[in-house]
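Please read the points with the structure in view.

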Amino acid sequence: MSECFAEDGLSYGPGVKPYDVRHLVAHLVLSTRADDVHELLAAEESDGRNLWFALKDAHSDIAGYRADVGLALRHVRDHGAVGTRIGREIRYALILGSTREHAVIMPPSLVAALVEKGVWTPEAGLAHARQIPDLDRRVRTLALTAPHLPPPVLRAAVQQELVALRRPGAEHGLSFTLVMGELCAFTPDDLVDDALTTAAALREDIYRADVLQGLASRLPEDRFTRALGLLTGMKDEYRARVLGEFGRYVPDGALDLVLKAIDDIGDPGFRVSAMASAARRTPLDRVKAGLRAMPEVPGGWAEWRAITAIGPELPEELVPVAFAAASGIGDERYRINAVIALAPRLTADLAGRALATMCSEQADEEELLAALVPRLSDEDLPRALELARCLKSSFDRVLVLTALALRHNGEDRDRLFAEAWRNAEERGPYLVSDVDALARLVEVLPEPMLDDAARFVQAGGNYASLTSARVAVARRLTGQRREAALRETLHSLRGVTDEFGMRAGETRVLAPALSRPLLWEAIEEVQQGAGDRWEVRARLEPLVPFLDAEQLTAALSIAREVHDSVPRSRALAALVPHLGARGRATALRHVLDLAGRTADLERRAEVLAAIAPHLGDDLWDEALAAVDRIRSERARSQAVAGLSAFVPESVVDRATALVEPIGYMSWAALALVRLSVHGDDDRRARLVRRALESARQVNNSELGADETRVFAEVLHAVADLAPEPLLPEAVEVASRLSAEDQAAVLTAVVRRAGDEHRATWQAEAVRVARGIRDLGWRARALGRMNAAAPEVREAVAKIADVRWRGFAQAELGHGLPEEALAEAERALGSPSREEGWTSWTDQTLYVGLLPHTPARLVPRVLETLSRLESAYGRAEAVAALAPRLADHHLPAALELVDGSRDRDALDALAALARRYDPLPLPQLEPLWARTCAVLDRASREDVLHGVTVMAGFLARLGGRDAAEDAAESVRQVGSWFP
């Protein structure tokens, strides 16, 4: 087959036609040359990349590559015994998952840009989008790519998604981001009726409105009657959205139909917002009547939205009417926002009237005051200045003083700018609104004041939210000074996390100002600084609109990196016990190498922790050396905490030395407690006391959720491991935890307490548990306690909800009362939402009862689960019920694991595998077949999770050879698609 390729490995060989390569795998399969197929798909280039993928990718034929892998996979299943084919099934599932992962994690804007700039052909962009399993993300990608697709390709894309959306339940795959309408805006003329049919099939108002809004610009005059008929019964909010779009595009011949439909909207606010887009085509008396009707309605949200929408479109003679309507809104915040929206249309007289309603005590009207200043008469400006100086926040004053400075000239202008700047220097910016005010001021500052502004924003160091102000300064500079200022701003984002989208938001502000060389630096920052693939996506996406073709190619390479070192190491660690000596050594070495190449330090710690239980004495030095190279104290402590339970005596002191010098830190404290199990009592007491000292320094109000969780884990570990004389101190420190964690620590302490403290601490544990307001957490806390203690039984008996009371009784070992299960089933069958969905709380509670199900009730539970609409709920319930299943229940339970999210389904199948394990090998095949059905559609991360949770089952089904093949597949596919 080498004759297919040119020397570069990415071009066809002499005389080889595209048709030959496109159908090569199919011809080999038909020629019974399956071994050649597997050899071809496993071939590597000199740099370690997968040869066949590289060739297909170079010719924009990823869809063809996936089809080839699919053919090979089907051939394996059709011509091999289950035990012998497992390795290749996992290999091909990982390959398909990797290419699917490329599609899932690729920012939609990057796909569109690749097509727009000619890096990808339109066909390649469409093929990529079709690989995205998530409907919402796929539609978003197609909507952004649609303007760059030729008509035949666009038609195929729209038609396929319309068909997909008509499938039962498909609309639940859409989020509320309303992306389907964006794609429908490109509907070809001959598919308009098809799109209307799709809209009619959608049950949810929000999704039907989304499609109809998108179609507004595509509807011919004779289709508006049908489209308006689809609004029957729709809520006013969504009907107004659709009619607003219809009003923008409706031909004159159908305008009266749309205006009549707008008149029929009951809520005046929504009615006026629908008029907005057609305001200049709507009779004035209708618009005037709508505006005058608005103050009759309490609230103000819809009225504010309506005035915001219609303000720019209003004829001049109706602006006073709109102003009167805005002034009549009852809610102060909506009233202010409505007047702000109208401000650019106000005459000096109307602006003055708005100003007259303001007083110095109203400290939250700075935005209104700033919006009015450009419209005020000169006579009203002194009053505005007086109000500005009364504002409580210095940056609110900055906002208004900047607007006032722009209304003055000469010395007055300079004086107001100077006053605004003095207010800006009063304190550093802490709120986004503060920085926005500072940025507005910097944009218009007189040139002599610009150096002061540059020094001020640079003094903020790595305070990321200063980005907009720093960019405003840089835009006022030229040449090398500008480049240096922007580079410094880019570097200031290095330490910013992606929590709440902060890093992406700041990058979005900065990106438009970056030159081409700085854009290259920004791309490098993404590659070096991001951790998982979602962080890569979040950091890369704001840059995409400003990248050229060469930079987009580099961005594509970065976006395709899967970043799955943690799930890959966990899969290999799960397989290790089932490997031979050589395979075990190879797998462990690979994970250690993976740890060294993992840039994200906390993920490196997780990688090392995954293999800790399997490290031999010969590898511990290498593992601890990898930990020692972690410069982050937090990540190093996290790594030692993960390794500590398995550390051999020979390296305990070395592991301890890696964390003991670290001061207060949750992970360091946890590592010390876990390491305390090694050595004598004096050493244990010293390490536990050091951990307690760290815990005493905790200020819970300053901790994030992760740190709080780890400190709770520290005290749980102390309760289990501390020498008895230190237990009173652990109890005292635990009083600073949440009630749920405090009760758990006290329960653990009671088990180890001597006679002196046991009764007191038991009573305290019950008291704390009874104070937990959430019944579920209270039941869980009581269920972990001493079942023989009278105060525990009394507290459980007082739980009002029979279901949670039954749960606690079952957890205590008293058996599950049938009435608790019956009540949980009734709640499960009583939808608590209009859409008919079972509440998450009821579902979770029911699942929590299932591990305690009496054998005689298992058939009834299986019947109940068969009626449960939530696939996720069914999978979770099967996993919980699995230990209670008899052999003859297994086929029915297996049938319930269908249609769920991949990871949930795999967890359920893993739970069933533990019940299938004792059965004869032929009876295991249905479980493996169902597992393969899930793996075939899963992402690579989920395939790796499946290997992790099913490792023992794989070895049982296929023996050591299957485990060896699976481990090699994990390693090799990871190197092909890093």
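1. At 2% relative accessibility, phenylalanine 977 counts as buried (buried is under 20% relative accessible area, exposed over 50%, partly exposed in between, with a 1.4 Å probe and protein chains only). The model is predicted, so local features need pLDDT of at least 70 and side-chain atom pairs pLDDT 80 or more, while totals for chains, interfaces and linings use all residues. Residues are numbered from 1 along each chain as its sequence is written, and side-chain values use heavy atoms, without hydrogens and water.

2. Rings of Phe, Tyr and Trp (its six-membered ring) pair if their centres lie within 6.5 Å; planes under 30 degrees apart are stacked, over 60 edge-to-face, the rest tilted. By this rule there are six aromatic pairs. In one of them, phenylalanine 53 and phenylalanine 977 have ring centres 4.9 Å apart and planes at 75°, so the pair is edge-to-face.

3. Phenylalanine 53 belongs to helix 4 (residues 51-58) and phenylalanine 977 to the segment after helix 57 (940-976), so their pair ties together parts 924 residues apart in sequence. Helices are DSSP runs (H or I, at least four residues), numbered from the N terminus. Phenylalanine 53 is also buried, at 10% relative accessible area. Phe53, Tyr65 and Phe977 make up one aromatic cluster.

4. Tryptophan 804 and phenylalanine 807 are another edge-to-face pair, with 5.5 Å between centres and 85° between planes. Both lie in helix 49 (residues 802-811), three residues apart, about one turn of the helix. Tryptophan 804 is buried at 10% relative accessibility, and phenylalanine 807 is buried at 7%.

Notes:
Helices (H or I, at least four residues) and strands (E, at least two) are DSSP runs, numbered from the N terminus.
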